[in-house]
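User: Please take a close look at one part of what is shown here, and then say how the rest is packed.

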Amino acid sequence: MLAFTIRRLSQSVVVLFVMSVIVFAGVFAIGNPVDILINPEADIAEQEETMRRLGLDKPIWVQYGAFMSNALQGDLGNSFVHNVPALEIIATRLPATLELAFLAVGFAIILGVPLGMVAGLKEDSWIGKTIMTGSILGFSLPTFWVGLIFIMLFSVSLGWLPASGRGETVDVLGVPVSFLTWDGLSHLLLPALNLALFKISLVIRLARSGTKEVLLQDYIKFARAKGLSNYRIIGVHVLKNILIPVITVLGLELGNVIAFAVVTETVFAWPGIGKLLIDSIANLDRPVVVAYLLMTVTMFILINFVVDILYSILDPRVRLGGAN
Amino acid sequence: MGIRKLGLAASALAFALALPAATQASKLTMGMDSEPSSIDPHYHNLGPNNALRRHMFESLVDQDEKQNLGPLLAVSWKPTGETTWEFKLREGVKFHDGSAFTARDVVYSACRIPNVPNSPSNFTSFTKAISGFEISNDHTLIVHTSVPTPLLPTYFANWGVISSAAGGVTGEIKYDKENCGIANFPNSVDFNNGKAAIGTGPFKFKEFVKGDRLVLDQNAGYWGEKTEWDSVVMKPITNAAARMAALLAGDVDFVAAPPTQDLERLQSNPKFDVAQGLSNRVIYLHMDQFGPSSNGVKGTGSPAAKYEGEGPCASKECEKNPFLDKRVRQALSKAINREAIVSKIMGGVAVAAGELLPQGFFGTNPGATPEAYDPEGAKKLLAEAGYPNGFELVLGTPNDRYINDAKVAQVIAQMFTRIGVKTSVNAMTKSVFFKTRNKYEFSIYLAGWGAGTGEMSNPLRALVGTRSKETGLGGTNRGRYSNLDLDKKILTALSTVDDAKRELILKAASKMAMDDYSILPLHYEVTSWAHKKGLSYKARADQYTLATGVSSTK
């Protein structure tokens, strides 16, 4: 276990370093932030002065060196646009996205697993077929379009839910959350559902194929022969055994939802980090983009790590490497 | 008991009915197309920030919706010599914290402008001409400039005044170009959290949650006409479709920049209305007029001389640059059917351009009409210039910066192809476009220019003056057009304090630039705003979205 952790950590450091080089060079290659941020009326002398002020007149390796030496001390630089530390901007926007992501994954589990199991158990009935057809829609309809349709239907035509923004928030331990007020919850519902649609379909498919496979296993036959109730067989023996692929995929998907909820956040003007990323790329706000992607990589590494540990708990046959 | 309660309720009801409508809390929610990067009025000299600044931090001079100058914190001003101006300041004005506004605050603000750390675009262009201030009394300010600066009142309309007392400075302020001997100015973060956000404007800072909302409250102690909104909420909804949906769903009362294709539907909807106004933004084509060869041109033959200077042709073989010949530039201008672009592509939400500023602005020539569409004449000119079979061209354009930018470029490419200049379009996102343009990789490109000062010296200086660090001309002249006679005219205008004389010089300079086809103006953008019925908006030429311009029609 310890050897496994150490090996994982040293791999992660290498990944983070490579990532920072790629992103730094990538954003540098797109363009010069000053071209976008400066008032076009500035004359040549003012343009050069601004480049100097932001340190953009130096060659890229010098800029990268300065970034690296600061980063090792925990400072990922100030946003060119907002003039506050990049990590601070991300931290203030993160709760909104986390809230959205957890609710979306929650929807995926609560709706996806039972629906998938029903589809697996009653494969040939109309109900199983309806669920599977529905999941195809969830897969294939673009998030952007579905989001707009949700808004047109629930906000514009029916007027039930607001179309954009985050609504009222309540501070819990200094973190603003919106799921505790009715106004906040009503703002949260549509974007979370929009984000969850793809995940629900994914979980339905995983749960269905898992259920079909598990039902044929000997231990299910044995359980039936023993005379266990159908309820217990499905609720315990089947459910527990289909969860491994579901957890693997949802773990990775959670990372995806947190890091790249860009489309949903844009359509619903949700003030999370996905919208921050897209705005920062448009403005070539390099410190924010680099800090963001480094944070994302760290998050994926952590999630993978947690998923590996969850495996060993769920399936005793799995042994983590290095423990032999 | 029950009866008493009933009586109370009845009297409360009567009281409520008797109250005039004005005392009800009125709230305006606006969907904005962009978000300011900071509340700090001196941090970022760019549209969204400058528009927001006007709500909270007033300037000495006002620019109305047509960009005409008017009194604001200064009641009057006049030049008292070639390089001296006297500003009479308004009396009885109070900052949001209750302290009185005096000439010292103006000097203090000018001192802070060069001292905003990490500013991505600062306001020194508006203060660098100032060589000194003299405070005659609390409400009379003498400004000395290093050179004659006729645009000083316009410059003074472009930066907001902050309170010196709130900044902790109470002693005498001796102006210099560095920091006036003041060690600590409030930093941008203190503006964003409201601590330092103290101005004299009709609105006070309430709350700023980046990416979500910006809330302003009415300033009850405002010196001028109070706004009718007790509270204004500005929500950044950068996606145009989402912004429209928010308006239709009733989440917001007002949106900036509705998509052009939705305007007709909004106008025919009884619940909504559209406000429109001609802007100061001209969309133009700039042509590479620098070296003997040009990148992206094919079929013109080998250049007469070797390319020297900055640009892609310095390191690779390029073909001859056709744009050095005025007849070619004129031919391209004649090939463009500007009226068709305005009516078919822009949906009528534009006006064909014959100069760099719309008619009526200071320094424009009355009757300067757009170039007439004349493809036959264009072909003739091309043949005279030695290109009877035309040549090949790549037209660069951004696709997310101006209204319908890439669509307009595509139509122009077809119009050029019709006269024999086979043109393909290279459209890209704005960050990549500006980088490519600034490396001189386009031989012709489409872009836009909004004249912040609202008069002719501004576009001439930036777009067609010869690029030079010394004169300050040509900041955005990436076609590198150069005409020393024109430069002389622009520089003379920039130092002529007499308005009538300056206007004549600017008219002549504008005519000169147009007659030489230095740049090809296409059209002026018409800006749109959409709102619920029952509201109205004073459309602004500078395209700013201001809560102070929104009023209810009831």
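Analyst: Helices (H or I, at least four residues) and strands (E, at least two) are DSSP runs, numbered from the N terminus. This is a predicted model, where local features need pLDDT of at least 70 and side-chain atom pairs count only at pLDDT 80 or more, while totals for chains, interfaces and linings use all residues. Residues are numbered from 1 along each chain as its sequence is written, and chains are lettered from A and ligands numbered from 1 in the order in which they are written.

The part to look at is helix α14 of chain B, residues 457–464, which is mostly covered: eight of its eight residues are buried. Among them are S457(B), N458(B), R461(B) and L463(B). The cover over α14(B) includes strands β12 (272–287), β18 (444–450) and β19 (519–532), and helices α15 (484–494) and α16 (499–515), of chain B.

Next come the nonpolar cores, sets of buried Ala, Val, Leu, Ile, Met, Phe, Trp, Tyr and Cys residues joined through C-beta atoms within 7 Å. The largest has 123 residues, and those touching the most other members include L100(A), V203(A) and M30(B). Helix α8 (182–215) of chain A gives this core its largest share, 15 residues. Another core, of 67 residues, lies apart from it and includes I444(B), L506(B), A509(B) and I519(B).

Finally, the two chains meet: 46 residues of chain A are in contact (C-beta atoms, placed from the backbone, within 7 Å) with 42 residues of chain B. On the side of chain A, α3(A) gives the largest share, six residues.

Definitions and conventions:
A residue is buried if 20 or more other C-beta atoms lie within 10 Å of its own, exposed if 12 or fewer, and partly exposed in between; C-beta atoms are placed from the backbone.
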